Amino acid sequence: MQQASTAGTAVQRLTWRRMRPKTVIPYLFVGPQLLLILIFVVRPLFEVARLSFHRWILSLGGNATYAGLQNYRELLQDELFRKALTNTAIYVLVSVPASILVGFLFALTLNQPLGRATVFFRSAFYVPVVVPSVVVALIWQFMLNARGGIVNAGLARVGLPEPDWFTNPHYAMLGVILASVWQQAGFMMVLYLAGLQGIPRVFHEAAAVDGANGLQRLIGITIPLLTPTTLFVCVVGVINGFKVFDQVYVMTGGGPANGTTTIVQYLFTQAFEFFDVGRGAAAAMVLLGILGLLTAVLMLIGGKEVEY
Amino acid sequence: MPRAQRTLLLLALGIASVVMLFPLYWMVVSALKTKRELARIPPTIWPTDPTWSNFPDAWNTAPFWRYTFNSAVIALATVAGVLVLSTLAGYGFARFRFRGRRALFACALVTMMIPGQITAIPLYLQMRDLHLLDHPAAVVLPALSGGFGTFLMRQYISSLPGELMEAARIDGANELRVFVQIVVPQLGPAVASLLIFTFMSSWDAFFWPLIVLSTSDHYTLPVGIALFTGEYSSNESFVMAASAIASIPVLIVFALAQRRFVEGIALTGLK
């Protein structure tokens, strides 16, 4: 075994040495992909920053004119943009923890030795993830219909009030969140299942020998050891949450009374319905800033906790 | 585990799975109802008079053939392009040492985290200048421009033993031949994961196609359905039948390869 791995390293070294540093061959392999990334990601990224400092209404023709911070000033004064920020924050603050919690509970239960039935349950919980999000939105819009929708029929059956889901802004937001949690819980579950399988069995056995019960082991061992998973799930969830668009566009169109307008919805309307390129670009930059900041903060928190 | 506890857990899982599967059940069942039955309050849990006619009716009301065809063409081109580009780049990063390797790879990784929503405005202007608006290529090209495939392939190729490649080189094979005849045949699992991931996200894409596609003839399924249902929202059986039609391909892919789904996502952590 020792010999084999030494031989492996030798070959590896040989492989490395064969590569003359001046050769163009490696660039031929990585070039096409990098070129596309350069044209369709890197350039637009710089371009959106540049455009956010320019005034340009596409439908009026003409060219972009430098406008300094005007777009950002207008953006912050725009009641609708502030509403979009609040709405998106509420959406993220409710839907992300909810889907993480549901996904975690699913994973925890499926991690028990329950035999072959777990394969079925895992698939059942995961199926919503693969359904196209436009379809998810349409199904929930249909189920939450105030007149004759199945959800209200169920609520009426158990004697609860039947809300007017899409005419009340709070309920409309709740509807969008319900659809998102349903769709994303399975995704969180899979990440947690992978995390759970990485916890060595001996930890639990040792704690059981010491007389710790199930709940104590969950709080003392499982949850702390899952910190890296939780951190990752939070980052992915928050980034996806701030990008929310499909459900809102299809289910509510941002209404009623702009109660569900989100940042991306705002960006879409400004840039592609009003053709205000500068304002849209500024909104995109604000979104980029929020995402960068939140990711950094989560990483920092995580960096401290993981050392544990 | 005690028998009672086991039964309790299975019961809880059973209830949870009914809740999770119910929306899909409801979509199919509602698509099978007649207009008259659908108007009943409270709704019937099982259709009293199941009818298939909503499917062909919805199918013929809007150019769904066209939408499905467009979605399929875009998905196929995207999958093929992503596989070729990221296998090449992944091999380049995994097996060669060259100036700027680390920086370029880091660049590919960073772009993976930039959401398409941020770059949508300049991309739109770029597509306009390239005269690609309302053309499938406008949807495909940005979808090919991510670092995820490169990352996945680099990781996988790095884990392969290098002896075979070196032997082929000693036998006088050139780099392209080593790549095509030695490396590519070993990539099965990575290719399968990347293929499924790329197909699913292409089929699901909504935001960007909605922006660049402007005529009904070029709509993909999600765009077509979202705009179609705006027009026919009064006819909910149609909407649910159309939704079911759009879900069938991904549900089939999921049923065939569900293990790979779960494993692939756990490995990469990406949707």
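**Figure 1. The two domains of chain B.** In this predicted model, chain B is assigned domain 1 (1-51) and domain 2 (63-268). The centres of domain 1 of chain B and domain 2 of chain B, taken over C-alpha atoms, are 34 Å apart. Seven residues from domain 1 of chain B and six residues from domain 2 of chain B make up the contact. On the domain 1 side that touches domain 2 of chain B, α1 (3-31) and α2 (35-38) of chain B each supply at least two residues. The most comes from α1(B), which gives four residues to that side of domain 1.

**Figure 2. The largest nonpolar core.** The largest nonpolar core has 155 residues, of which M189(A), A283(A) and I121(B) touch the most other members. Helix α8 (residues 169-197) of chain A provides the largest share of this core, 16 residues. Chain B takes part through both of its assigned domains: domain 1 (1-51) and domain 2 (63-268) each contribute at least three residues to the core. In soluble globular proteins, nonpolar side chains tend to be buried together.

**Figure 3. Surroundings of I121(B).** I121(B) is one of the core members that touch the most other members. Leaving out residues up to four places away in sequence, I121(B) touches V48(A), L51(A), A271(A), V277(A), G280(A), A281(A) and A284(A).

**Figure 4. Packing of α11(B) against α14(B).** Helix α11 (residues 188-204) and helix α14 (residues 236-256), both of chain B, pack at an angle of about 160°, and their axes are 11 Å apart. Angles over 145 degrees count as roughly antiparallel, and α11(B) and α14(B) are therefore roughly antiparallel to each other. Their crossing is left-handed. On the α11(B) side the contact is made by I196(B), F199(B), M200(B) and W203(B), and on the α14(B) side by P249(B), V250(B) and V253(B).

**Figure 5. A positive phi at A257(A).** A257(A) is a residue other than glycine with a positive phi, near 55°. The loop that holds A257(A) runs between α12 (246-251) and α13 (263-272) of chain A. A257(A) is exposed, because 12 other C-beta atoms lie within 10 Å and a residue with 12 or fewer counts as exposed.

**Figure 6. A positive phi at D134(B).** Phi of D134(B), again a residue other than glycine, is positive and near 65°. D134(B) sits in the loop between α6 (116-129) and α7 (136-143) of chain B. With 14 other C-beta atoms within 10 Å, D134(B) is partly exposed.

Methods. Residues numbered from 1 in each chain as written. Chains lettered and ligands numbered in written order. Predicted model: local features only at pLDDT ≥ 70, side-chain atom pairs only at ≥ 80, totals over all residues. Core = buried A, V, L, I, M, F, W, Y, C linked by C-beta atoms within 7 Å. Buried ≥ 20, exposed ≤ 12 C-beta atoms within 10 Å, placed from the backbone. Domains from an automatic or database assignment. Contact = placed C-beta atoms within 7 Å. Axes fitted to C-alpha atoms, helices over the stretch in contact; angles between N-to-C directions. Parallel < 35°, antiparallel > 145°, perpendicular 65-115°, else oblique. Left-handed = near helix turned anticlockwise from the far one by under 90°.
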